[in-house]
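Q: Hey, I'm new to this one. Could you walk me through a few spots in it?

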Amino acid sequence: MATQSRPLPSSAYASGDRDKLRHTLLVKVPVFLLLCLVAASTLLPLFYMTMTAMKERTEYFTNPYGLPQGLHLDNIRIMIETYGFLRSFGNSVFIVGSALLLSLFLGSLSAFAVAKLRFRGKRVFFLMLISLQLIPGQVLLIPIYLLFSRLQMINNYLSVILMYAVGSLPFSIFFLSASFRSIPDELIEAAKIDGATLLQVYRKIILPIGSPSILTLGILNFLSMWNELILALLLLPDENKRTITTSVAMVVGRFITNEPLLQTGLLMSSLPTIVVLIIFSKYLVKGISAGIGK
């Protein structure tokens, strides 16, 4: 005769609920508070920068950490009309956009070769590629300047575009090759049997499947190129060809005591990166997670 199981008493269910609640309080709440602190450490400087940019100079000296008394947009007008921030913004968009497209194209092609093709010296090439990331960029400044000076490419947008694109290639190839290795070799072999060339395999298989990693790399490269200062300052000394970061650096040198004007320049230069991170943040996290998993 089968024995019937007795239902657990209500006290057992209550004990289980208390255990779950205790686990939540001990584990999830501290993690949540820690994440709130991290978010605050990121948002507070942005809030301070925005509030300071909305103040007049005299108001800042009387109340540096308080809210602005009104919406003063004179600092933005001065940055645009006097210091040509719109021109610098256009220069940055052109330089960074061109360098980004070039780096993604060359990086994805090279990563495809490293990940899926067989050639002599492949392992040595990959090890040299990784070792290039260990060289500090500062030690290359003088050779880079002498090289472009002999080529008569100082004050030429192409010099900065090439340096941004080439400088990002080692990390781009390393990042994308790890992602491209997860693409099944059977797909590539089937495409070759059907008569596809290597460029057709790259365009019809590698790019569609590897698009999340390419988008993630594009975001990372955009952030580093947009915020770069030394090369742009060295290779583009002409005031009309400066990028937005070099324009901010010039304002800092001239107006070290005008804090609202400085914060306005910093805010205007950081807005594109903030917008990119807000729009593509989920793709960035998804692409990095996918790369880690592979």
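This is a predicted model: local features need pLDDT of at least 70, side-chain atom pairs count only at pLDDT 80 or more; totals for chains, interfaces and linings use all residues.

Q: Okay, and which other backbone oxygen lies 2.9 Å from a polar atom of the Ser168 side chain?
A: That one belongs to Ala165.

Q: Where does Ser168 lie, anyway?
A: Ser168 is part of helix 7, which covers residues 157-180.

Q: Is Ser168 buried or exposed?
A: Buried. Ser168 has a relative accessibility of 9%, and the cut-off for buried is under 20%.

Q: And what does Ser168 touch, leaving out residues up to four places away in sequence?
A: Ser103, Asn221 and Met225.

Q: Switching topic: how many salt bridges does the structure hold?
A: There are 3 salt bridges. One of them joins the side chains of Asp74 and Arg77, at 4.0 Å from N to O.

Q: How far apart are Asp74 and Arg77 along the helix?
A: They sit 3 residues apart in helix 3 (residues 74-81), so about one helical turn separates them.

Q: Which other residue meets Arg77 in a salt bridge?
A: Glu81 does, with an N to O distance of 3.4 Å. Glu81 and Arg77 are both in helix 3 too, 4 residues apart, or about one turn of the helix. Put together, Asp74, Arg77 and Glu81 form a linked network of salt bridges.

Q: How exposed are those residues?
A: Asp74 is partly exposed, at 40% relative accessible area. Arg77 also counts as partly exposed, at 40%. Glu81 is exposed, at 57%.

Q: What about the salt bridge that Asp185 forms?
A: Asp185 pairs with Lys116, and their closest N and O atoms are 2.7 Å apart. Asp185 lies in helix 8 (residues 185-193) and Lys116 in helix 4 (residues 85-116), so this pair ties together parts that are 69 residues apart in sequence.

Q: Is Lys116 buried or exposed?
A: Lys116 is buried, with a relative accessible area of 16%.

Q: Last topic: which residues make the nonpolar surface patch of about 380 Å²?
A: Leu26, Val27, Val31 and Leu35 make that patch.

Q: And where is Leu35 found?
A: Leu35 is in helix 1, residues 10-53. Leu35 is exposed, with a relative accessible area of 54%.

Technical notes: Residues are numbered from 1 along each chain as its sequence is written. Side-chain values use heavy atoms; hydrogens and water are left out. Patches are made of residues with over 30% relative accessible area and no salt bridge: like charges are joined within 9 Å, nonpolar side chains (Val, Leu, Ile, Met, Phe, Trp, Tyr) within 5 Å. Accessible areas come from the Shrake-Rupley method with a 1.4 Å probe; for residues, only the protein chains shown count as cover. Helices (H or I, at least four residues) and strands (E, at least two) are DSSP runs, numbered from the N terminus. Buried means under 20% relative accessible area, exposed over 50%, partly exposed in between (1.4 Å probe, protein chains only). A polar contact is a pair of N or O atoms within 3.5 Å; within protein, one must be able to donate a hydrogen and the other to accept it, and residues adjacent in sequence count only if both atoms are side-chain atoms. Contact means heavy atoms within 4.5 Å.
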